[in-house]
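User: Could you walk me through this structure? I'm new to this, so please keep it plain.

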Amino acid sequence: MALPIKKPYESLSKYLERTLPGELESGKSRGKATADIMFEYNKEPDREMFLPFIWGDAGSPASGGGGGDPDADAYLAAVTTAGGTLLAGDETAIQTFFTGLKTAGIYSSIACMYPFMGGVASSNAINAINPGGSFDLTFNGGWTHTAGGALSNGTNGYADSQFNPVTEGYTTFTDFHFSYYNNGASSQIAEAYPGLALDRTTVDKFCATRMMTANSEAAIFGGNGSPFYSVPTTQEGLRLLAGDKSTYWNAWFNNSTIASNRSITQTNFNLNAYIGCLNFNGSAYGFQNYNYVYLSMGNGFTTSEAGDYNTLVNDFQTTLGRNSY
């Protein structure tokens with residue numbers, strides 16, 4: 001009779017307590033039974049081991065598992081169904097992140113979110129807010145997918161989010177945000193438009209992050225010929241550009257304000273948001289070589305919410321060992 005597989009994060013003592021009586025009843029000596037149990041415990045776990053909270057009676061979470069955030073559970077299940085592999089600690093990191101977003105009152109403001117978990121294109125593409133539904137990424141060109149994120153090649157690699165802000169009701173952009181976390185800028189393209197970039201429908205009307213030189217980056221908010229720029233000293237980290245739900249746009253880089261209370265009147269962003277380049281009237285333009293570990297779009301943030309959001313995203317990446325600050 002095969003031994004039961006150990007549960008995720010089950011201690012050896014608990015596993016012995018659970019399995020030893022059955023092995024002894026089958027006629028094994030205590031020494032043989034203990035050796036067999038130790039062998040099973042130390043085996044490399046199957047990928048399915050990391051499906052969230054599936055142990056015990058599926059209809060009763062209190063009996064041997066369950067109790068996780070249901071939205072986090074749904075995302076984790078989608079990652080493994082897509083062929084992704086969740087490493088030790090990934091489940092806890094996701095559960096903590098989702099719970100933190102909800103406690104801070106931020107989760108409901110996010111329309112699409114890409115944590116890049118599982119190490120393969122099909123799992124990295126998943127919109128964690130609606131797994132199996134809308135706004136999964138479609139990867140095009142050259143990408144490298146690992147447990148450390150999704151790396152665009154800088155020549156033809158980009159992803160279509162399927163997310164059109166105007167179609168989704170974001171017409172003023174004072175109540176809209178987009179963010180991305182890059183932890184490995186291996187090369188840059190001067191005067192390109194890297195990052196989480198929306199469309200540029202005319203020369204002076206766009207909303208993106210733009211490379212100004214090979215070694216510095218500027219956040220750009222479009223608006224009828226009057227964009228503004230703020231240049232961080234490093235390329236890696238979390239960028240958040242967000243409306244304040246009232247009048248202005250603000251920009252944060254690695255949880256520090258780099259631009260605040262900037263007016264924006266441009267509303268013509270009626271194209272899908274592209275990742276890894278700019279959507280220029282429906283064509284991919286300005287490719288960059290970034291390693292993405294997180295992306296999001298949705299409603300704007302107040303100053304307090306933006307602070308909480310920056311902290312939660314970076315804590316999440318720190319838990320996974322993918323943070324850059």
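Analyst: Residues are numbered from 1 along each chain as its sequence is written, and side-chain values use heavy atoms, with hydrogens and water left out.

User: How many helices and strands does the protein have?
Analyst: Helices (H or I, at least four residues) and strands (E, at least two) are DSSP runs, numbered from the N terminus. On that basis the protein comes to six helices and 17 strands.

User: Which element has the lowest mean pLDDT?
Analyst: pLDDT is the predictor's confidence in each residue, from 0 to 100. The protein averages 76, and 67% of the residues score at least 70. Helix α5 (residues 121-124) has the highest mean among the elements, 98. The lowest mean, 39, belongs to strand β9 (residues 205-213).

User: Over residues 188-227, how many contacts beyond four places in sequence does the model have?
Analyst: Contact means heavy atoms within 4.5 Å. pLDDT stays under 50 over residues 188-227. Where pLDDT is low, the predicted coordinates should not be read in detail. With that caution, the model has 155 such contacts for residues 188-227.

User: What share of the residues count as buried?
Analyst: Buried means under 20% relative accessible area, exposed over 50%, and partly exposed in between (1.4 Å probe, protein chains only). The protein has 325 residues, and the buried share is 50%.

User: What span should α4 have at 1.5 Å a residue?
Analyst: The expected span of a helix is 1.5 Å times one less than its number of residues. Helix α4 (residues 90-103) has 14 residues, and its end C-alpha atoms are 20 Å apart.

User: Which elements do the buried residues of α4 pack against?
Analyst: The buried residues of α4 include Ile94, Phe97, Phe98 and Leu101. An α-helix has 3.6 residues a turn, so residues three or four places apart point the same way. The partners of the buried residues of α4 are α3 (70-81), β1 (110-114), β17 and α6.

User: Why is the pair of Tyr290 and Tyr292 given the type it has?
Analyst: Rings of Phe, Tyr and Trp (its six-membered ring) pair if their centres lie within 6.5 Å; planes under 30 degrees apart count as stacked, over 60 as edge-to-face and the rest as tilted. By this rule there are 19 aromatic pairs. The rings of Tyr290 and Tyr292 have their centres 6.1 Å apart and their planes at 65°, so this pair is edge-to-face.

User: What type of pair do Tyr294 and Tyr309 make?
Analyst: Tyr294 sits in strand β17 (residues 291-298) and Tyr309 in helix α6 (residues 303-320), so their pairing links distant parts of the chain, 15 residues apart. Both tyrosines are buried. Their ring centres are 6.3 Å apart with planes at 55°, so the pair is tilted.

User: Which residue's charged end sits over the ring of Tyr107?
Analyst: A charge sits over a ring if NZ of Lys or CZ of Arg is within 6 Å of the ring centre and within 35 degrees of the ring normal. Tyr107 is part of one aromatic cluster, with members including Tyr75, Phe97 and Phe316. The charged end over its ring lies 4.8 Å from the centre and belongs to Lys102.

User: Is Phe116 buried or exposed?
Analyst: Most residues other than glycine have a negative phi, and most peptide bonds are trans. Phe116 is not a glycine, yet its phi is positive, about 55°. Its place is in the loop between β1 and α5. At 1% relative accessibility, Phe116 counts as buried.

User: What relative accessible area does Gln317 have?
Analyst: Gln317 is in helix α6. Leaving aside neighbours within four places in sequence, Gln317 is in contact with Tyr181, Val293, Tyr294, Arg322 and Asn323. Gln317 is buried, with a relative accessible area of 0%.

Note on methods
Predicted model: local features only at pLDDT ≥ 70, side-chain atom pairs only at ≥ 80, totals over all residues.
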